[in-house]
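Here is a brief report on helix packing and core contacts. Please keep the coordinates open while reading.

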Amino acid sequence: MSRNNYAIGVVFLIAGAVILLGKLGLFAFIGTNFWPLFVLIPGILLHVLFFGRILPTVALIPGAILTVSALIFFFCIAFGWHHMQVLWPLLVFGVAVGLYEYHLFEMSHPKVPLTAAIILALVSISFFVIMLFWGWGLYLIAAALIVVGAWLVAGRRTRW
């Protein structure tokens with residue numbers, strides 16, 4: 001058997017296996033359940049290339065955004081996309097993580113990204129808490145605000 005026939009035979013075997021696996025639904029399963037890997041791998045790769053001293057520090061910002069987003073997507077694939085109505089503030093938190101990483105690993109430790117990261121994290125956490133308490137929990141928040149406000153207004157008069 002010549003080498004040329006051997007190579008063509010291997011190509012036919014691979015093509016047949018790919019077609020068979022496609023007809024059995026393997027690629028549809030992988031595409032449906034593991035597509036966030038196409039978001040996670042570049043995010044991790046940006047971190048690896050930074051720590052390998054190939055990319056500058058600014059590469060950590062999109063790396064963190066992609067990594068956090070991919071983890072959220074994996075969670076939603078595993079437990080249902082209806083959770084995204086509560087988890088969406090974590091996408092903003094991914095930006096905060098990226099800015100914090102930039103501040104942490106940049107040699108000059110710039111303060112503007114740190115300030116922006118803190119503000120975005122607080123906004124994200126606030127929205128996340130609001131999303132968790134949407135419904136009846138929102139009434140609890142309103143009642144707590146009314147009680148605190150009444151205590152601040154009426155409590156000061158009774159103390160003096």
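## Core and helix packing

The largest nonpolar core has five residues in all: Ile 72, Phe 73, Cys 76, Met 84 and Leu 87. Two elements give two or more residues to this core, helix 4 (60-79) and helix 5 (84-87). Helix 4 gives the most, with three residues. The model is predicted.

Phe 73 belongs to that core. Leaving out residues up to four places away in sequence, Phe 73 touches Trp 35, Pro 36, Trp 81 and Met 84. Met 84 is itself a member of the core.

The geometry of each pair is set out below.

| Helix pair | Angle | Axis distance | Handedness |
|---|---|---|---|
| Helix 3 and helix 4 | about 145° | 7 Å apart | left-handed |
| Helix 4 and helix 6 | roughly 145° | within 7 Å | right-handed |

Take the crossing of helix 3 and helix 4, which is left-handed. On the helix 3 side, the contact is made by Leu 37, Val 39, Leu 40, Pro 42, Gly 43, Ile 44, Leu 46, His 47 and Phe 50. Helix 4 answers with Leu 60, Pro 62, Gly 63, Ala 64, Leu 66, Thr 67, Ala 70 and Phe 74.

Now the pair of helix 4 and helix 6 (residues 89-105). Helix 4 brings Leu 60, Ile 61, Ala 64, Ile 65, Val 68, Ser 69 and Ile 72 to this contact.

Next, a loop residue. Thr 57 lies between helix 3 (37-51) and helix 4. Is Thr 57 buried or exposed? Its relative accessible area is 10%, under the 20% cut-off, so Thr 57 counts as buried. Its side chain makes a polar contact of 3.0 Å with the side chain of Glu 106. Apart from neighbours within four places in sequence, Thr 57 is in contact with Phe 50, Tyr 102, Phe 105 and Glu 106.

Helix 1 (residues 3-23) has 21 residues. From first C-alpha to last, helix 1 reaches 30 Å, close to the 30 Å expected at 1.5 Å a residue. Gly 25 follows helix 1, with a positive phi near 95°.

Terms used
Residues numbered from 1 in each chain as written. Predicted model: local features only at pLDDT ≥ 70, side-chain atom pairs only at ≥ 80, totals over all residues. Heavy atoms only, no water. Core = buried A, V, L, I, M, F, W, Y, C linked by side-chain atoms within 4.5 Å. Buried < 20%, exposed > 50% of the residue type's maximum accessible area, 1.4 Å probe, protein only. Helix = DSSP H or I, 4+ residues; strand = E, 2+ residues; numbered from the N terminus. Contact = heavy atoms within 4.5 Å. Expected span 1.5 Å × (residues − 1). Polar contact = N/O pair within 3.5 Å; in protein donor to acceptor, adjacent residues only side chain to side chain. Axes fitted to C-alpha atoms, helices over the stretch in contact; angles between N-to-C directions. Left-handed = near helix turned anticlockwise from the far one by under 90°.
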